[in-house]
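Here are some notes to read beside the model. Please keep the structure open as you go through the points.

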Amino acid sequence: MTASQHARDILQIAAAAADAKGGSDPVALDVSGPLPLTDAFLLVSGRVERNVIAIASEVEDRLNEAGVRTLRREGKAEGRWVLLDFGDLVVHVFHEEDRMYYALERLWKDCPVIPVELPVHEPAE
């Protein structure tokens, strides 16, 4: 089984939103095989708690604008690990330290990676 096209499409919207707020190291995983409840995870890091919260808010806003409803949200008040559940996609926004500690990429290493396409940024002059 592979992630649905819908999951892949909203994943790209979420990745672009995270990138717009300074999210770093995006990794998308196709978890449709081992998890019957969702198709994909998007993991992204923020530098500090405020950045984590801003990234999570932007992802949620952009997906809601695209007609994708947030089913669950956890951890936003703390700003260390925010989990956003959109059904086909679960977005994990981590503080850099917490991402290294929990190492979800290692936990889900047997799952295929989904390519993340980010907008090209023009160099600052």
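1. Where is Pro115 found? Pro115 is in the segment after β6 (113-114). Strands here are DSSP runs of E with at least two residues, helices are runs of H or I with at least four, and both are numbered from the N terminus.

2. A word on the source. This is a predicted model, in which local features need pLDDT of at least 70, side-chain atom pairs count only at pLDDT 80 or more, and totals for chains, interfaces and linings use all residues. Residues are numbered from 1 along each chain as its sequence is written, and side-chain values use heavy atoms, with hydrogens and water left out.

3. Back to Pro115. Its relative accessibility is 57%, so Pro115 counts as exposed. The cut-offs are under 20% relative accessible area for buried, over 50% for exposed, and partly exposed in between (1.4 Å probe, protein chains only). Neighbours within four places in sequence aside, Pro115 is in contact with Leu11 and Gln12. Contact means heavy atoms within 4.5 Å. From Pro115 to Leu29 the C-alpha distance is 8.7 Å, although 86 residues separate them in sequence.

4. Now the sheet. Six strands form an open sheet in the order β3-β4-β5-β2-β1-β6, with mixed pairing. Two strands pair if DSSP finds at least two bridges between them. β3 and β6 stand at the edges with a single partner strand each, so one side of each has no neighbour in the sheet. Strands of a sheet pair through backbone hydrogen bonds, either parallel or antiparallel.

5. Which strands does β1 pair with? β1 (residues 24-30) and β2 (residues 40-46) are antiparallel over five bridges. In this pairing, Leu29 stands opposite Phe41, and Val27 stands opposite Leu43. β1 and β6 are also antiparallel, over two bridges. There, Ala28 stands opposite Ile114.

6. α2 lies across β2, β3, β4 and β5, and runs at about 160 degrees to β5. Axes are lines fitted to C-alpha atoms, for helices over the stretch in contact, and angles run from 0 to 180 degrees between N-to-C directions.

7. Look next at Thr70. It lies in the loop between α2 (49-65) and β3 (72-74). Is Thr70 buried or exposed? Thr70 counts as buried because its relative accessibility is 16%. Its side chain makes a polar contact of 3.0 Å with that of Glu60 and one of 3.1 Å with that of Asn64. A polar contact is a pair of N or O atoms within 3.5 Å; within protein, one must be able to donate a hydrogen and the other to accept it, and residues adjacent in sequence count only if both atoms are side-chain atoms. Beyond four places in sequence, Thr70 also touches Asp85 and Phe86.

8. Finally, the rings. The whole structure holds four aromatic pairs. Rings of Phe, Tyr and Trp (its six-membered ring) pair if their centres lie within 6.5 Å; planes under 30 degrees apart are stacked, over 60 edge-to-face, and the rest tilted. Trp81 and Tyr102 have ring centres 4.8 Å apart and planes at 50 degrees, so this pair is tilted. The pair links distant parts of the chain, with Trp81 in β4 (residues 81-85) and Tyr102 in helix α3 (residues 96-102). Tyr101 and Tyr102 form an edge-to-face pair, 4.9 Å centre to centre, with 90 degrees between the planes. Trp81, Phe94, Tyr101 and Tyr102 form one aromatic cluster.
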